[in-house]
Amino acid sequence: MNVVPIDSPDTLPIIYERGLFGMYHDWCESFNTYPRTYDLLHADHLFSNLKKRCKLASVMAEVDRILRPEGEFIVRDNVETIAEIESMVKSLQWEIRLTYSQGKEGLLCLQKTMWRPEAVETITSAII
C-alpha cells in the first residue's frame, strides 16, 4: 500500500501505472487500517512537512498503532526532525538499527519491539 500525503506532489498516477495500490491521506488524521497492520513503513521527509500542521507525537502514536510488532520503520528527513523522532521511539522502547546523517539530512532505521513492562504495579487506591 502506497500512501501519498495530501500536501505533497501527486505521485499516485505513477504508482497506479506500475500496477500498485495507493491512496491519498492526511497524516494529521487517523489512518483506518482495520484489520491490518504493516510490516514496513517508509517516510521520506514526511515529518518535517507535518511539523507545520500537527504534533509529531500524535503522528508517531499513529505509526506505532499501524506498525506490527517487530515491523521496520525507515525515516529520511532533516537532522533536527530525525533527532525528535529518535527521542520519541526510545521512549516507546523501539530498537534503533541505524542512524546516519550527512550534512543536514539524516536516515533512521527502526524496529518496533515486543516490549512489555517487567514489573507489575498494583494501584491500591483502585482496589476498594
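Which residue forms a salt bridge with Asp 7? In this predicted model, the partner is Arg 53, and the closest N and O atoms of the two are 3.4 Å apart. Asp 7 sits in the loop between β1 (2-5) and α1 (12-17), while Arg 53 sits in the loop between α2 and α3, so the pair ties together parts that are 46 residues apart in sequence. Asp 7 is partly exposed, at 43% relative accessibility, and Arg 53 is also partly exposed, with a relative accessible area of 41%. Asp 26 belongs to this arrangement as well: Asp 7, Asp 26 and Arg 53 are linked in a network of salt bridges.

Side chains of opposite charge can pair when their charged atoms come close. The structure holds ten salt bridges. One of them joins Arg 68 to Asp 39, with 2.2 Å between the closest N and O atoms. Arg 68 lies in strand β4 and Asp 39 in strand β3 (residues 38-44), so this pair ties together parts that are 29 residues apart in sequence. Arg 68 is partly exposed, with a relative accessible area of 28%, and Asp 39 is partly exposed at 46%. Another salt bridge is formed by the side chains of Asp 44 and Arg 76, at 3.7 Å from N to O. Here too distant parts of the chain are linked, with Asp 44 in strand β3 and Arg 76 in strand β4, 32 residues apart.

The next element is helix α4 (residues 79-91). Its 13 residues should span 18 Å at 1.5 Å a residue, and the end C-alpha atoms are 19 Å apart, which agrees. The buried residues of α4 are Thr 81, Ile 82, Ile 85, Glu 86, Met 88 and Val 89. They cover an arc of only 165° around the axis, so they lie on the same side of α4. Glu 80 and Ser 91, on the other side of α4, are exposed. The cover over the buried residues includes α2, α3 (56-66), β4 (67-78), β5 (95-102) and β6 (105-111). Just after α4, Gln 93 takes a positive phi of about 65°.

Helix α2 (residues 46-50) contains Ser 48. This residue is buried, because its relative accessible area is 15% and buried means under 20%. Leaving aside neighbours within four places in sequence, Ser 48 is in contact with Asp 77, Asn 78 and Thr 81. Of these, Thr 81 is one of the buried residues of α4. A polar atom of the Ser 48 side chain also lies 3.4 Å from the backbone oxygen of His 45.

How values were computed
Residues are numbered from 1 along each chain as its sequence is written. This is a predicted model: local features need pLDDT of at least 70, side-chain atom pairs count only at pLDDT 80 or more; totals for chains, interfaces and linings use all residues. Side-chain values use heavy atoms; hydrogens and water are left out. Helices (H or I, at least four residues) and strands (E, at least two) are DSSP runs, numbered from the N terminus. Buried means under 20% relative accessible area, exposed over 50%, partly exposed in between (1.4 Å probe, protein chains only). A polar contact is a pair of N or O atoms within 3.5 Å; within protein, one must be able to donate a hydrogen and the other to accept it, and residues adjacent in sequence count only if both atoms are side-chain atoms. Contact means heavy atoms within 4.5 Å. The expected span of a helix is 1.5 Å times one less than its number of residues. The arc is that of the directions from the helix axis to the C-beta atoms. A salt bridge is a side-chain nitrogen of Lys or Arg within 4 Å of a carboxyl oxygen of Asp or Glu.
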